[in-house]
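Let's walk through this one together, starting where the chains meet and then moving inside them. Keep the viewer open as you read.

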Amino acid sequence: MEALGVMPEPRPTEPVRPLDVSRLKKDFPILERQVHGKRLVYLDSASSSQKPLVVLEAMDHYYETTHANVHRGVYEIAEEATALYEEARAKVARFIGARGPEEIVFTKNATEAINLVAYTWGRTNLGPSSAMVTSEIEHHANLVPWLQLRGEKGTELRYLRLRPDGTLDLSELPRLVDGAGLLAITAASNVLGTLPPVRQLADVAHAAGALVLVDAAQSVPHTPTDVAALGADFIAFSAHKMLGPTGIGVLWGRRELLEAMPPFLTGGEMIRDVGLDGFSTNDVPWKFEAGTPPIAEAVGLGAAVDYLSALGMASVRAHEQALTRYALGRLKERYGDNVVIYGPPEAEERAGVISFSYKDVHAHDISQVLDEAGVCVRAGHHCAKPLMRLLGVPATARASFSVYNDQADVDVLVEALSRADALFG
Amino acid sequence: MPGLEDLYREIILDHYRNPRNRGELPSPPALRAEGFNPLCGDEVVVSLELEGDVISDLKVSGQGCSISQSSASMMSTAVRGKTVAQARGTIKAFRAMMSLHGQQLDGRPEGTGAGPWANEVPAGTALGDQPGTAEALAGDGGADERSAAEVAADEGVELGELEALQGVVKFPVRIKCATLPWHTLAQALDEAEKDKA
């Protein structure tokens, strides 16, 4: 196993400042609207976050003043569009501690980013005699691509098990990674909020010669990310969960790996030369960006990164952790054992997501009742069906937080839940 | 804006709290079909016995939200003891009731258009429904622009308390919850006819 490469200088620890949420809320136009005559209380950011005005304006401004295709025209606005697109890439690179923008591949979303690795690196490097390791708590996006690969290549797929306390049983890891070529693990469970110790897992995986892919869709929007400190070889995340637009996601990969990988989607943009007998590929990252990319979305993502960076990701994490602690406490205090919360019990050990059930009321009905109070929560299996089977529930309700949520939002949720008693009690 | 009382009618909640014909019949001889909503994990199992053309016994089991489970319970009381033809007629009428109304699709505000029984959209176009469900429910695969009342009259069946579920249409994402048991019943009846053939 080669070394991780040149480690960048560790970034200075960010100061933690309290977020002024009443002011932040004004940055998000959608939070001004009402539903069913009630203030919108949006608690589904783990599914998709809302967007601040600066993101919307950046995209509008781009379309109003600058739009042209990138990497093609020699005229002024095409140059400007290309510069904006590449500037967004550089912003993302700095945001996650990448060595350079060439390590940032824009994809459609985190799902496509993981598929890109499965289809290119995976199908080149994994076969019937190798193995992959993932966990029982993964989102389908970090499970189905590996199941598909197993089906095609006969590569064994092994699982880190869930423990009753909502954490992963790490004791089996050395055995699981023995002979494995890949560890694919979430940095934060979208259902349980579990935060696997990615660095520790990565070190064990690397020692066994495996590469490490981190599904960072639920971590990059909520906590400081430094890919070198994480010990990852690939990470995947989506813009729409981090205050940015839909339609764009990111694959970060170590440059040497990206360069050695075959292309994924093919066509325009990703080529250096094409003849009737074949083609050669462009440099990374463009090698993986076939066709006209999501330019305005990249601009929006760049604006979202600026917005989050101005708040400070350490401050974002501290805010959401405090809010999670408050919500866990309020739900327990109000409903006691009638509310069951899945995942690690302490806010320090989880991301800002709270999956819960209330008495034996189905999650759909909970979500419907909360909707009437203007509260948006997710109900269902959260694209993690194997995990739901382990939990023994067909569906849960899930509240999740972002920078624009405060204790008042939690209070509305807690109060509105009591309406379920009137209907289903 | 529809309120919760449009969705959670008292009779629906009663069927949810006290489900009728709950359980499974030994299969065989009973015919059994399973319906599954992959989006929310709702499950309905229908088992039924035929004596000639009559559904002599029928039970439903499964798990899910109040709408899917109450719809299953109400369905069981509606078709148990009825002929296969009557059951299929009720499925058709229920399917018509669960399709979205023209007034919601063409953007006119609610209440300004025709009543909730008019302007049914053709089968298969109900928003939020599973692809093919409406068509499968219709049984004949054809478009049907008749209202639920017209379908019921033409089929010689009565919707009765099933009409309480019409409020579900105002909550499009829940339509598939209500139609899941009916889809499953249609499958079980299809199996029965295959057995005969």
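This is a predicted model: local features need pLDDT of at least 70, side-chain atom pairs count only at pLDDT 80 or more; totals for chains, interfaces and linings use all residues.

Residues are numbered from 1 along each chain as its sequence is written, chains are lettered from A and ligands numbered from 1 in the order in which they are written, and side-chain values use heavy atoms, with hydrogens and water left out.

Start at the interface. Here 22 residues of chain B are in contact with 18 residues of chain A, contact being heavy atoms within 4.5 Å. The two chains bury about 1,600 Å² between them, with 54% of it on carbon and sulfur atoms; buried area is the accessible area (1.4 Å probe) that two parts lose on being put together, summed over both. Of the area that chain B buries against chain A, 32% comes from B:L4, B:Y8 and B:C40, more than from any other three residues.

What about polar links across this interface? The rule finds seven residue pairs in polar contact there, both residues at pLDDT 80 or more. (A polar contact is a pair of N or O atoms within 3.5 Å; within protein, one must be able to donate a hydrogen and the other to accept it, and residues adjacent in sequence count only if both atoms are side-chain atoms.) On the chain B side, α1 (4–7) and α2 (10–17) each supply at least two residues, and α2(B) gives the most, with three. Helices (H or I, at least four residues) and strands (E, at least two) are DSSP runs, numbered from the N terminus.

Which salt bridge crosses between the chains? B:R174 pairs with A:D365, their closest N and O atoms being 2.9 Å apart. The rule asks for a side-chain nitrogen of Lys or Arg within 4 Å of a carboxyl oxygen of Asp or Glu, and over all chains the count comes to 40.

Among the buried ones is B:K92, at 17%. B:K92 forms a salt bridge with B:E155, at 3.4 Å between the closest N and O atoms. That pair links distant parts of the chain, 63 residues apart, with B:E155 in helix α7 (residues 148–155).

Over in chain A, A:D44 sits in the loop between β3 (41–42) and α2 (53–65). A:D44 is buried, with a relative accessible area of 12%. Beyond its neighbours within four places in sequence, A:D44 is in contact with A:C376, A:V377, A:R378, A:R398 and A:S400.

A:D233 meets A:R254 at 2.8 Å, N to O; A:D233 counts as buried at 0% relative accessibility, and A:R254 does at 2%. A:E259 and A:R255 also meet at 2.8 Å, but here A:E259 is partly exposed, with 42%, and A:R255 counts as partly exposed at 34%. These two are four residues apart in helix α9, so about one helical turn separates them.

Terms used. Buried means under 20% relative accessible area, exposed over 50%, partly exposed in between (1.4 Å probe, protein chains only).
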